[in-house]
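Welcome, and thanks for taking a look at this model. Please have the sequence and the structure open side by side as you read through the short report that follows.

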Amino acid sequence: MISIIGVIVGTGAALLSDDSDSARVAKLQSDVATLNQLVAVYVADGGTLAGLTNPQTVLDKMKRSRPQTEWQQHVGVVSGKMVDVRLRALLTTQPDNSNNPRAFWDRVKQRFVMRQAAGSAVSDFYLDESLASADFGTEKRTKSVVSFNSSNSGWVWGASVSNPTASYLDPQPFESPTPTSGFDPSETADPSSTPPTDSGGGSGGGGGGSGGGDPSVPTLALLPIPLITPVGGTFAFNNFPNTVSISTSAPAEVSKLVYSINGGAWQDYTGSSIPVIPAMSLQARNETTRPAEFATSFTNTQTYYRLTSGFSGSGEGSWGNALGGSNLVTSIQNSGTTSTFKSGNTKLDLGNGTYLDAGVENSLSFTPAGFDSITPNTWFDFGSLMILNGTTFYNSEATGVTLTVNLSLTQPSISVTTYINLGLISTTNTSDRLASADIVQLINPTTDFTITIDGVQYRLELEWVSKDSTSSVVQGNNLLVYEGANAAVELRARFTSNY
């Protein structure tokens, strides 16, 4: 469909030189206007979008065509696809940080509408080249009010709603009535008659149309969205802007530029730079001063977040809350720099009071590592583990344990405790080395640790790193320790931000 491709590709070219929110919103508004026209044509031509709630489903349905057997007998506007098969909707569940309007599918009005609201909506329409050869099939649409005249094949069409048994009258001669008197130029109107009004009926002449009735309400021109520079987002500590400015292309004689900070009162923008502090939200819009001609623009919202300069501190670990079966055997040592957890019965009962002692139980030893000036979202060494895959009997090994780490942060200054839950899986030993490897699972790779600084929330995330591929291997959140191996492992961490 040439129209929708032109809108998306043409506006996309403008975005290459202007990646601002206003350009993206303008493109989306243009796409919505074009799509709504195509929807109207599709429905008028017998298509139906009833019951559809997902925007992508709406687009995909309009990529279908009538069966080819109907093409010859179809007199509607279109028989084929309404939109390009490559057209896709980028769906998001929340507005962006600028609270820009998105395109919602209104299933009652059966059209796309622009709103600033939460919920599933379209942030952008784009072309997906992977769909270029996709076939969305055909569909039966309702018949037109005019259908093919099968009894007289060819370029002859009959009304599908006509009565097939209707009779037709022969044409009759037309006789014009003769007036009793001709035009009298001296004739005057009856004084008691009512003069015609301007709203009287009748068809207009020249470039006119039909007269009468109330005039239609004019469509107001929407004022452009002002630009905020720099745009909002998340900034590194040293790159956070001190001030922002607002600019607009709206004519001063029809509008005024106003702004609001953190949802406060609107105030006129005088052209001066606006100081910025972390987590500040700035809104700007062009308000119309001629409401009969122009509509107030959409609001441009930008929020500015600053990441903390870094995290410094150290931790102390301890084991506890061991889980296992009825024959569980454990040993815990939580004193000193390194804490150790052991589990399992190493003695095999040979009978007659004789035991074979394998002498090596499963064990995990944790040594925390200090860290200094770790920037957010950066991996660092949180601590090291030595994990021994021993030999145990009688279902006596642990199936889970909790590593508690008491964190003492100096930057920022805070003490907090986080809990790392590990799942322990002992496998049956076979000739397959990998299949025989015991598994240590990170149950909660995103820990319960949270801290909020300058409006940004940080969480502590963890992952495994094997220091010796001959003793262990990492598969996602699972660490596989080969049978009999004493694996050296790094427990890595990072403080992830929510912005």
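## Terms and ground rules

A salt bridge here is a side-chain nitrogen of Lys or Arg within 4 Å of a carboxyl oxygen of Asp or Glu. Helices (H or I, at least four residues) and strands (E, at least two) are DSSP runs, numbered from the N terminus.

Please keep in mind that this is a predicted model, where local features need pLDDT of at least 70, side-chain atom pairs count only at pLDDT 80 or more, and totals for chains, interfaces and linings use all residues. Residues are numbered from 1 along each chain as its sequence is written, and side-chain values use heavy atoms, with hydrogens and water left out.

## Salt bridges between strands

Across the whole structure, a search finds 14 salt bridges. Side chains of opposite charge can pair when their charged atoms come close. Let us begin with R494 and E461, whose side chains meet in a salt bridge at 3.2 Å, N to O. This pair links distant parts of the chain, with R494 in strand β32 (residues 486-497) and E461 in strand β29 (residues 456-466), 33 residues apart. Are these two buried or exposed? For accessibility, buried means under 20% relative accessible area, exposed over 50%, and partly exposed in between (1.4 Å probe, protein chains only). R494 counts as partly exposed because its relative accessibility is 25%, while E461, at 19%, counts as buried.

R492 forms a salt bridge with E463, and their closest N and O atoms are 2.3 Å apart. R492 lies in strand β32 and E463 in strand β29, so this pair ties together parts that are 29 residues apart in sequence. R492 is partly exposed, with a relative accessible area of 24%, and E463 is partly exposed as well, at 23% relative accessibility.

## A salt bridge within a helix

Salt bridges that share partners join K27, D31 and D124 into one network. Within it, K27 forms a salt bridge with D31, the closest N and O atoms being 2.7 Å apart. What separates K27 and D31 along helix α2? They are 4 residues apart in α2 (residues 21-44), so about one helical turn lies between them. Both K27 and D31 are buried.

## Nonpolar cores

A nonpolar core is a set of buried Ala, Val, Leu, Ile, Met, Phe, Trp, Tyr and Cys residues joined through side-chain atoms within 4.5 Å. The largest one has 44 residues, of which W319, F382, I420, L422, W464 and L491 touch the most other members. Strand β25 supplies the largest share of this core, 6 residues. Another core lies apart from it, with 21 residues, among them L28, V58, W105 and F112.

For a closer look at W319, contact means heavy atoms within 4.5 Å. Leaving aside neighbours within four places in sequence, the contacts of W319 include I332, F341, L364, F366, L385, V401 and L422.

## Backbone details in the loops

N262, a residue other than glycine, has a positive phi near 55°. N262 lies in the loop between β11 (255-261) and β12 (267-268) and counts as partly exposed at 48% relative accessibility. N377 has a positive phi too, near 65°. The place of N377 is the loop between β23 (371-374) and β24 (380-388), and N377 is partly exposed at 34% relative accessibility.
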